[in-house]
Amino acid sequence: MARDLLTLLVATTNADKAREIAHLLRDVPVSLLTLADGPAVAEPVETGDTFEANARLKAEYYDRTVAELLRAARPAGRILTGAEDSGLLCFRPQGAGELLA
């Protein structure tokens, strides 16, 4: 049985950032989506006191909002959410309470 391709929601509307991340992950078997592929939601308020804190905040927020709706539309798929702040990229694995930076 073939394993479903992992999908990564890159939490950005910046096409240049999306291309840069796609280039970095070009050899990784992953399908990429951006915020443009999901429903429009308000941006979160960045209240963190570090780049990592803000990247984590955005990953959690967009995972609960955009990715959750995308998962509902693709129940068999696995979607992870990645967000960045000033070059630091954090991922929130689907259903996990922890983030990976």
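**Ground rules.** I'm working from a predicted model, where local features need pLDDT of at least 70, side-chain atom pairs count only at pLDDT 80 or more, and totals for chains, interfaces and linings use all residues. Residues are numbered from 1 along each chain as its sequence is written, and side-chain values use heavy atoms, with hydrogens and water left out.

**Fold.** I counted 2 helices and 4 strands in the protein chain, taken as DSSP runs numbered from the N terminus (helices: H or I, at least four residues; strands: E, at least two). Along the sequence I read β-α-β-α-β-β.

**Burial.** Of the 101 residues, 34% are buried, meaning under 20% relative accessible area with a 1.4 Å probe, protein chains only. I then checked strand 3 (residues 78-85), and 6 of its 8 residues are buried.

**Pairing.** Strand 3 runs parallel to strand 1 (residues 6-10), with 5 bridges joining them; pairing takes at least two DSSP bridges. I looked up L6 too, and its bridge partner in strand 3 is R78.

I noted about 300 Å³ for the largest pocket. A pocket here is an open set of points on a 1 Å grid over the protein atoms alone, with protein on both sides within 12 Å along at least five of seven lines, and lining residues have an atom within 4 Å of a point. The volume is the space filled by probe spheres set on the points. Of 18 lining residues, A11, T13, L35, E43 and Y62 are closest to the centre. Helix 2 (residues 51-73) gives the most to the lining, with 3 residues.

Technical notes: Buried < 20%, exposed > 50% of the residue type's maximum accessible area, 1.4 Å probe, protein only. 1 Å grid on protein atoms, 1.4 Å probe; cavity = no way out; pocket = protein on both sides within 12 Å on 5 of 7 lines; lining within 4 Å.
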